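Please read the briefing below alongside the sequence and the 3D structure.

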Amino acid sequence: MRGATLTGTGMYVPDRVLTNRDLEHMVETSDEWIRERTGIRERRIAAPEQASSDLALIASQRALESAGLEAKDLDQIILATTTPDRFLPSCACTLQAKLGATNAAAYDVFAACTGFVYGLGIARGIIGTGQADTVLVIGVETLSRIVDYTDRNTCVLFGDGAGAAVLQPCAAGDGLLAIAMGSDGTLGEVLEVPAGGSSLPASAETVQARGHFIKMRGRELFKIAVRAMEDSVRQTLETTGLSVGDIDMMVPHQANQRIMDAVRERLGLPAEKVIGNIERYGNTSSASIPISLDEAARAGRLKPGDHVSLVAFGGGATWGAALMRWTQPAALQPVLAVPAAAAREGGR
Ligand SMILES: CC(C)(COP(=O)(O)OP(=O)(O)OC[C@H]1O[C@@H](n2cnc3c(N)ncnc32)[C@H](O)[C@@H]1OP(=O)(O)O)[C@@H](O)C(=O)NCCC(=O)NCCS
């Protein structure tokens, strides 16, 4: 198998800021409660004319630019989201059209907040086996469209945004070293949007019952998330023979500052080794890791050779972690050991 690494990253968040103070006027809550229980101060909200693909477009263009590539260079587009523009076609295809990525196969991944990590797992596999050379993985959400702004249990948590990464081949032993992916469908109702799918199609009744919004059992999720995130990180360490002490930076899904702190403490990582921006963006689900990764890379917090651990948990329930040896996007010369076209023709 060839290695696969990130050769470009990009992010985009909408301009509109929704602060905790704003939410105080919408539901019975307080800035103090939200900050203490979640670490969030504000989140971004997409403009009415912005759909998920519009946010994804800007993040993708920035990722391509940082990789020194054009949209036509893409072989595949893997888009992780819970809030596609429409159920049909996929959000990835809509993005493909907007990007002009005419040579790419495009499809969505539905794995809630873990979607970006799942996308990395898929991309690593198809690059490793030579099915594709250049893959764009995106996490994008317009959660404000499925958040009930009369429900204080959920509306304080979520925000909108997009993050993207370009993946290309690299020498084995660099880039993505290990990916752990897991799920437990018996926990589906802990975090769900009950209506709008084939089990409860949209009707006047489902709209009346607010069934198209996120319902969450937060306290239950909290405990499951901490355990699953810790286990996923340990799994990737075991696969690679590395230890917690080898992790230079952890980029956790930004669900709740207390969840991130608990995972960090259980692993025994110092606070300065954990990237966080939940204060500014809230929980942007599948977008939170690629947004954090791009911010960290551009701020110079990730050095070539660093072991970077990405870890997520989300609805499904789903969870996963990726452990990589960081390669500097702009400077990287991808090693094309097996040209993708030859691999495809050879029926590999
Ligand atoms: C949602 C979450 C912040 C709630 O924090 P918590 O400390 O568990 O709080 P609880 O659910 O125990 O609620 C404590 C009290 O605060 C109240 N409360 C809930 N939301 C509130 C809000 N926005 N403002 C003020 N009070 C609120 C509750 O009604 C409850 O009141 P009660 O004791 O009178 O019933 C926390 O459970 C969490 O982050 N869970 C994980 C959620 C998550 O990550 N989801 C996405 C997965 S990717």
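Leu200 is partly exposed, because its relative accessible area is 41% and partly exposed covers the range between buried (under 20%) and exposed (over 50%), with a 1.4 Å probe and protein chains only. This is a predicted model, in which local features need pLDDT of at least 70 and side-chain atom pairs count only at pLDDT 80 or more, while totals for chains, interfaces and linings use all residues. Residues are numbered from 1 along each chain as its sequence is written, and side-chain values use heavy atoms, leaving out hydrogens and water.

**Position of Leu200**
- Leu200 is in the loop that joins β9 (191-192) to α7 (204-208); helices (H or I, at least four residues) and strands (E, at least two) are DSSP runs, numbered from the N terminus.
- From Leu200 to Ala228 there are 28 residues in sequence and 30 Å in space, C-alpha to C-alpha.

**Shell around the ligand**
- The ligand is surrounded by 23 residues, where near means that a heavy atom lies within 4 Å.
- The closest residues are Thr29, Arg37, Gly218, Arg219 and Asn256.
- Helix α8 gives the largest share of this shell, four residues.

**Atom pairs with the ligand**
- An N or O atom in the side chain of Asn256 is 2.6 Å from an oxygen atom of the ligand.
- A polar backbone atom of Gly218 is 3.0 Å from a nitrogen atom of the ligand.
- An N or O atom in the side chain of Trp33 is 3.5 Å from a nitrogen atom of the ligand.

Definitions and conventions. A polar contact is a pair of N or O atoms within 3.5 Å; within protein, one must be able to donate a hydrogen and the other to accept it, and residues adjacent in sequence count only if both atoms are side-chain atoms.
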